[in-house]
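Here's a quick tour for anyone meeting this model for the first time. Have a look at the sequence and the 3D view, then read on.

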Amino acid sequence: MEKFALLSELLSQKGILHRSNLFRPGRARVELMSLAHCPHYIDAFTHNSLDTKALRRLGLPWSEGLIKRSWVAPNGTLLTAQLALRHGIACHLAGGTHHAHRDFGSGFCAFNDLAVAALGLLNQGRVQRVLIFDCDVHQGDGTATILAETPEAFTCSIHCDKNFPANKATSDLDVEVTKGCGDDEYLEIVERTLNHCLDQVKPDIVLYDAGVDIYQGDPLGLLNISLAGLRQRDRLVLETCTRRTIPVATVIGGGYDDDRPALVARHSIVVEEAQRCFARLG
Ligand SMILES: [Zn+2]
């Protein structure tokens with residue numbers, strides 16, 4: 001959990017985050033969470049009555065801090081999406097908990113902020129079509145299952161075939177990248193897939209999961225993407241969306257490293273690239 005505060009500190013130090021562009025989400029309303037999650041699960045998770053098996057699947061120890069963060073982060077993704085609709089581009093310094101399913105948590109994800117935000121936007125009538133473009137190294141399985149019956153929300157996941165989860169769900173579009181894939185091949189896949197999705201879906205907004213676990217040094221990823229490749233991916237996605245005047249909201253997604261400053265620097269890349277894009281929007 002440490003990385004969230006460190007990311008905000010780093011962006012402040014770099015002069016990217018300041019009082020005039022910082023927005024703080026509050027706790028999500030239960031009605032919003034219920035769009036994506038089963039009331040029994042919401043209640044059991046919140047009140048620490050999940051059984052041992054369910055907690056093991058979630059992969060995180062229950063704590064007051066985890067509950068607080070889990071209730072705020074999905075609202076943060078929704079707020080980020082609303083800001084993107086207003087300003088063209090916006091970044092959430094958390095989010096991307098894409099392994100959370102409707103009635104259970106999994107892989108360090110309790111609530112699925114991407115599904116909550118997509119359903120929240122559709123429910124408010126803010127948009128007609130949402131594209132969730134998930135470039136975390138792991139498949140967005142929870143997002144795929146929660147939104148399976150929602151044709152207005154198109155789920156696309158580009159992930160490493162050998163990574164978690166072992167049993168993949170079915171997104172609207174799944175693109176499997178082979179273990180050890182390097183920058184050139186990966187970037188070509190991302191570019192082709194994004195253009196295909198934008199042409200086909202014609203979304204009113206893109207929710208972009210910019211997971212940094214594609215990085216070659218990530219202990220949980222199996223790809224061979226350099227730091228420069230990571231930056232190129234984020235630039236490519238953000239520039240493609242803004243060039244087509246499609247609002248884009250980013251979430252940080254996965255990223256793991258005992259070297260916290262190095263990890264946080266990787267998560268800051270998408271925000272740096274967003275700032276560059278935003279400056280050009282005028
Ligand atoms: Zn991941």
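Phe108 counts as partly exposed because its relative accessibility is 40%; buried means under 20% relative accessible area, exposed over 50%, and partly exposed in between, using a 1.4 Å probe and protein chains only. Phe108 sits in the loop between strand E1 (89-91) and helix H6 (113-123). Helices here are DSSP runs of H or I with at least four residues, strands are runs of E with at least two, and both are numbered from the N terminus. Phe108 isn't a glycine, yet its phi is positive, at about 70 degrees.

Thr245 also has a positive phi without being a glycine, at about 50 degrees. You'll find Thr245 in the loop between H9 and strand E6 (248-251), and at 68% relative accessibility Thr245 counts as exposed. For background, most residues other than glycine have a negative phi, and most peptide bonds are trans.

## What you're looking at

Keep in mind that this is a predicted model, where local features need pLDDT of at least 70, side-chain atom pairs count only at pLDDT 80 or more, and totals for chains, interfaces and linings use all residues. Residues are numbered from 1 along each chain as its sequence is written, and side-chain values use heavy atoms, with hydrogens and water left out.

## A cis bond

Phe164 and Pro165 are joined by a cis peptide bond, with omega at about -5 degrees. Pro165 belongs to the loop between strand E3 (153-160) and strand E4 (173-177).

## The zinc site

Which residues hold the zinc ion? Its protein donors are Asp136 (OD), Asp136 (OD), His138 (ND1) and Asp213 (OD), at 1.9 to 2.7 Å from the ion. Donors are N, O and S atoms within 2.8 Å of the metal (3.2 Å for Na, K and Ca), and since water is not among the atoms, sites may look incomplete. The angles among the four donor atoms run from 53 to 154 degrees, so the arrangement is irregular.

Along the chain, the donors of the zinc ion follow the spacing D-x1-H-x74-D. Asp136 lies in the loop between strand E2 (130-134) and helix H7 (141-146), and Asp213 in the loop between strand E5 (205-209) and helix H9 (227-243), so the pair ties together parts 77 residues apart in sequence. Asp136 is buried, with a relative accessible area of 1%, and Asp213 is buried too, at 0%.

His159, in strand E3, is buried at 1% relative accessibility. Leaving aside neighbours within four places in sequence, His159 is in contact with residues including Asp136, His138 and Asp174, where contact means heavy atoms within 4.5 Å.

## Helices side by side

The axes of helix H8 (residues 183-201) and H9 come within 10 Å and cross at roughly 15 degrees. Axes are lines fitted to C-alpha atoms, for helices over the stretch in contact, and angles run from 0 to 180 degrees between N-to-C directions. H8 and H9 are therefore roughly parallel: angles under 35 degrees count as roughly parallel, over 145 as roughly antiparallel, 65 to 115 as roughly perpendicular, and the rest as oblique. Among the residues that meet are Tyr186 and Leu187 in H8 and Leu236 and Val237 in H9.

How values were computed. Tetrahedral: all angles 85-135°; square planar, octahedral: opposite > 155°, others 65-115°.
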